[in-house]
Amino acid sequence: MNKKLYRSIANKKLCGVCGGIGEYFDLDPTLVRILWIVFALVGGSGLLAYIICAIIMPTQNQLPNP
């Protein structure tokens with residue numbers, strides 16, 4: 001099994017980062033979004049991490065076909 005981390009197109013609210021992480025770990029994307037908001041409010045670094053992930057992670061359609 002070759003899993004890739006990517007920004008989701010189907011589970012997208014802003015950039016698809018939380019949807020992609022949820023699909024990668026087989027979690028509900030809503031749960032990932034809630035956890036990300038909690039980290040952003042508690043530590044403040046969640047927003048910066050989201051922006052970095054949105055820039056670095058490829059979208060689902062940009063992945064090379066095997």
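Let me begin with Ile-51, which is partly exposed at a relative accessible area of 42%, where buried means under 20% relative accessible area, exposed over 50%, and partly exposed in between, with a 1.4 Å probe and protein chains only. What we are looking at is a predicted model, in which local features need pLDDT of at least 70 and side-chain atom pairs count only at pLDDT 80 or more, while totals for chains, interfaces and linings use all residues. Residues are numbered from 1 along each chain as its sequence is written, and side-chain values use heavy atoms, with hydrogens and water left out.

Ile-51 lies in helix 3, residues 45-56; helices here are DSSP runs of H or I with at least four residues, numbered from the N terminus. Together with Leu-47, Leu-48, Ile-52, Ile-55 and Ile-56, Ile-51 makes a nonpolar surface patch of about 640 Å². Such a patch takes residues with over 30% relative accessible area and no salt bridge, joining nonpolar side chains (Val, Leu, Ile, Met, Phe, Trp, Tyr) within 5 Å and like charges within 9 Å.

How much space lies in the largest pocket? The volume is about 210 Å³, and of the 15 residues that line this pocket, Leu-14, Cys-18, Arg-33, Trp-36 and Tyr-50 are the closest to its centre. A pocket, on a 1 Å grid over the protein atoms alone, is an open set of points where a 1.4 Å probe fits, with protein on both sides within 12 Å along at least five of seven lines, and lining residues have an atom within 4 Å of a point. Helix 1 (17-24), helix 2 (29-42) and helix 3 each supply at least two residues of that lining, with the largest share, four residues, coming from helix 2. By class, the lining of the largest pocket divides into eight nonpolar residues, four polar and three charged, with Cys and Pro counted among the nonpolar, Asp, Glu, Lys and Arg as charged, and Gly among the polar.

Ile-34, in helix 2, is partly exposed at 49% relative accessible area, and its C-alpha is 9.4 Å from that of Cys-18, 16 residues apart in sequence. Leu-31, also in helix 2, is partly exposed at 41%, and its C-alpha atom is separated from that of Cys-18 by 8.9 Å, at 13 residues along the chain. Thr-30, again in helix 2, counts as partly exposed at 41% relative accessibility, and 10.0 Å separates its C-alpha from that of Lys-13, 17 residues apart along the chain.

Two exposed residues remain. Asp-26, in the loop between helix 1 and helix 2, counts as exposed at 66% relative accessibility, and has a positive phi of about 55 degrees although it is not a glycine. Most residues other than glycine have a negative phi. Finally, Asn-61 lies in the segment after helix 3 and counts as exposed at 59% relative accessibility, while its C-alpha atom is separated by 8.0 Å from that of Ile-9, 52 residues apart along the chain.

Methods: Areas by Shrake-Rupley, 256 points an atom, 1.4 Å probe, with all protein chains shown as cover. Salt bridge = Lys/Arg side-chain N within 4 Å of Asp/Glu carboxyl O. Points joined across faces, edges and corners; volume = space filled by probe spheres on them.
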